[in-house]
Amino acid sequence: MPTINMVETGRNIERIRKRIGLTVKDLQEIFGFATPQAIYKWQQGTAMPSIDNLVILAAVFGCRIDDIIMTDVQSVRKTV
């Protein structure tokens, strides 16, 4: 069964964010967070965005939630 790879998902969030030209501060403002800590935790893979926040990220990034979340199965395929 595939499981979510939190570290790779975090790296992916950071990669997509940078590719579309957003800063952590930009995302902080979009989400209305008082501090950027949650976004840094997502990017470091120590926490996952909630489903609601994944929906917002997908809308902001212009992609599907599936394009953000990385599973262990996807990580193995990338290295093969």
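1. The chain holds six helices and zero strands, where helices are DSSP runs of H or I with at least four residues and strands are runs of E with at least two, numbered from the N terminus. The model is predicted, so local features need pLDDT of at least 70 and side-chain atom pairs count only at pLDDT 80 or more, while totals for chains, interfaces and linings use all residues. Residues are numbered from 1 along each chain as its sequence is written, and side-chain values use heavy atoms, with hydrogens and water left out.

2. The radius of gyration of the chain is 12 Å, which agrees with the value near 12 Å for a compact globule of 80 residues; this radius is taken over C-alpha atoms, and the globule rule is 2.2 Å times the number of residues to the power 0.38. Along the principal axes, the C-alpha trace spans about 40 × 20 × 20 Å.

3. Of the 80 residues in the chain, 35% are buried, meaning under 20% relative accessible area with a 1.4 Å probe, protein chains only.

4. Helix H3 covers residues 37-44, and its residues Ile39, Trp42 and Gln43 are buried. These residues lie on the same side of H3, because they cover an arc of only 95° around the axis, taken from the directions from the helix axis to the C-beta atoms. The buried residues of H3 pack against helix H1 (6-19), helix H2 (24-31) and helix H4 (51-61), a contact being heavy atoms within 4.5 Å.

5. After H3 comes Gly45, with a positive phi near 80°.

Notes
Buried < 20%, exposed > 50% of the residue type's maximum accessible area, 1.4 Å probe, protein only.
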